[in-house]
Amino acid sequence: MDARDVSSLHDSMRRYGIPGFLVPKDPQNPGGPWRVVDHDGAGPRQDITDNVLAAVDAAKHRRPERGFVITK
């Protein structure tokens, strides 16, 4: 995932309530590849990019659980 995909992924993560923090792989190159980590504090970070991308994709394709179905 590169820098131009970050905004869209961040919006989707917040819309669907998916936790994670987007950070550049190389802090000196924010225009390069990015990843999703499990926290933004000090200490080791676990890369959860693949899990988050799968969760966002699944949430986008999920059918609504509430509402009305109107047939013609």
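Is Pro33 buried, partly exposed or exposed? In this predicted model, Pro33 has a relative accessibility of 42% and therefore counts as partly exposed, since the partly exposed class lies between the 20% limit for buried residues and the 50% limit for exposed ones. Pro33 occupies the loop between β1 (21–24) and β2. Beyond its neighbours within four places in sequence, Pro33 makes contact with Met1, Asp2, Pro24 and Lys25.

Helix α1 comprises residues 3–16. With 14 residues at 1.5 Å a residue, α1 should span 20 Å, and the separation of 21 Å between its end C-alpha atoms agrees with this expectation. Just after α1, Gly17 adopts a positive phi of about 70°. Within the helix, the residues Val6, Leu9, Ser12 and Met13 are buried, and the buried residues of α1 pack against β1, β2 and α2.

Two of these buried positions were examined individually. Val6, a residue of helix α1, has a relative accessible area of 12% and is therefore buried, the limit for this class being 20%. When residues up to four places away in sequence are not counted, Val6 touches Leu22 and Trp34. Val6 and Trp34 are 28 residues apart along the chain, and their C-alpha atoms are separated by 7.5 Å. Ser12, also located in α1, is buried with a relative accessible area of 4%. Under the corresponding exclusion of residues up to four places away, the contacts of Ser12 are with Val56 and Lys60.

The buried residues of α2 are Thr49, Val52, Val56 and Ala59. Viewed down the axis of α2, these buried residues fall within an arc of 100°, and they therefore line one face of the helix. Asp50 and Asn51, on the other side of α2, are exposed. The packing partners of the buried residues of α2 are α1 and β2 (34–37).

Thr49 belongs to helix α2. Its relative accessibility of 11% places Thr49 among the buried residues, because that class extends to values under 20%. Apart from neighbours within four places in sequence, Thr49 is in contact with Met1, Arg35 and Val36.

The arrangement of the two helices was then considered. Two packed helices are described by the angle between their axes and the distance between the axes. For α1 and α2, the packing angle is about 65° and the axes are 10 Å apart. The passage of α1 across α2 is a left-handed crossing. On the α1 side, Leu9, Ser12, Met13 and Tyr16 take part in the contact, and they meet Val52, Leu53, Val56, Ala59 and Lys60 of α2. Classified by residue type, the contact of α1 with α2 has 7 nonpolar, 1 polar and 1 charged residues.

Note on methods
Residues numbered from 1 in each chain as written. Predicted model: local features only at pLDDT ≥ 70, side-chain atom pairs only at ≥ 80, totals over all residues. Heavy atoms only, no water. Helix = DSSP H or I, 4+ residues; strand = E, 2+ residues; numbered from the N terminus. Buried < 20%, exposed > 50% of the residue type's maximum accessible area, 1.4 Å probe, protein only. Contact = heavy atoms within 4.5 Å. Arc of directions from axis to C-beta. Axes fitted to C-alpha atoms, helices over the stretch in contact; angles between N-to-C directions. Left-handed = near helix turned anticlockwise from the far one by under 90°. Nonpolar A, V, L, I, M, F, W, Y, C, P; charged D, E, K, R; others polar. Expected span 1.5 Å × (residues − 1).
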